[in-house]
Amino acid sequence: MGKLDNRTALVTGSGRGIGRAIAMKFAAEGASVVVNDLDPGPAKETVEEIIAAGGKAVACVGSVTEEGFADRFVNTAIDTFGGLDIIVNNAGFTWDNVIQKMTDEQWDTILDLHLKAPFQILRAAQPYIKANPTDYHRKVVNISSNAGVVGNAGQSNYAAAKAGIIGLSKTLAREWGRYKVNVNAVAYGLINTRLTEASADGNSTIDVEGREIKVGVNPQLLAAAERTIPFGRAGRPDEAAGAVFALCLPETDYVSGQCLVCDGGSR
């Protein structure tokens, strides 16, 4: 028996990286998973791997910021698996610059992605949650970052959004307690993903809805960051997923409105 048997989980940005690790962990523990990615290929691959391992999953492809996505995402869970029990707002990327060089487009894009989209998904889920009470606790985990806790130079947009998602989590913990819903955040430190493994000195980019977004971390800054981590290394996606998984277990039913920092002890 899995620890998440008979639960339905929705995970944004789960075709790759940390989100994929979260989706795979949930499925391995018995949850039915709605997998989301901006691109069809990664979403399909994650769904196929879950099903091949004996799990249950369905893809809901698209940008979390597109009009109507929130309702479509929530309805995919309800229509396919008959309910929703766990929501993880994980999708995201960074688009960095110092404030005097940051454009309104950069600011709005990152705030929409990391703060407005989770708000819209949770708003869309509320009517179903209210109308369908359970004898167990539902769980919401919103992904934040150390940038949202202590700030990070060159990331005013991202830090503001990630600080905001902590505030949203704490507020919804108060609003949704009466529905037996735990709402928490996980703030990650340095985790190895495609967004961090590339060198910022190179030409690595990702394509996001027609935009070429430069990714990567300056090698000197990366080395310096790793020296501040007591374990001496960045985290792995499966380790990052473990923090989210812990907050979705019955053992954490009395934990709500908190921000769990998952950074290897660096802060």
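This is a predicted model: local features need pLDDT of at least 70, side-chain atom pairs count only at pLDDT 80 or more; totals for chains, interfaces and linings use all residues.

Colleague: What share of residues 7–194 is helix, and what share strand?

Modeller: The end C-alpha atoms of that stretch sit 29 Å apart. As for its make-up, residues 7–194 are 49% helix and 17% strand.

Colleague: And how many helices and strands does the protein chain have?

Modeller: Counting along the protein chain, you get nine helices and nine strands.

Colleague: What radius of gyration does the protein chain have, and why does that fit a compact globule?

Modeller: The C-alpha trace spans about 50 × 35 × 35 Å along its principal axes. A compact globule of 267 residues would come out near 18 Å, so the protein chain agrees with that, at 18 Å.

Colleague: What percentage of contacts between residues at least 6 apart join residues at least 24 apart in sequence?

Modeller: On burial, 48% of the 267 residues count as buried. For those contacts in the protein chain, the share joining residues at least 24 apart is 67%.

Colleague: Now G55: is it buried or exposed?

Modeller: G55 lies in the loop between helix 2 (40–52) and strand 3 (56–59). The cut-off for burial is under 20% relative accessible area. G55 has 18% relative accessibility, so it counts as buried.

Colleague: How far apart in space are G55 and M24?

Modeller: In sequence, G55 and M24 are 31 residues apart. C-alpha to C-alpha, the distance between G55 and M24 is 9.0 Å.

Notes
Residues are numbered from 1 along each chain as its sequence is written. Side-chain values use heavy atoms; hydrogens and water are left out. Helices (H or I, at least four residues) and strands (E, at least two) are DSSP runs, numbered from the N terminus. The radius of gyration is taken over C-alpha atoms; the globule rule is 2.2 Å times the number of residues to the power 0.38. Buried means under 20% relative accessible area, exposed over 50%, partly exposed in between (1.4 Å probe, protein chains only). Contact means heavy atoms within 4.5 Å.
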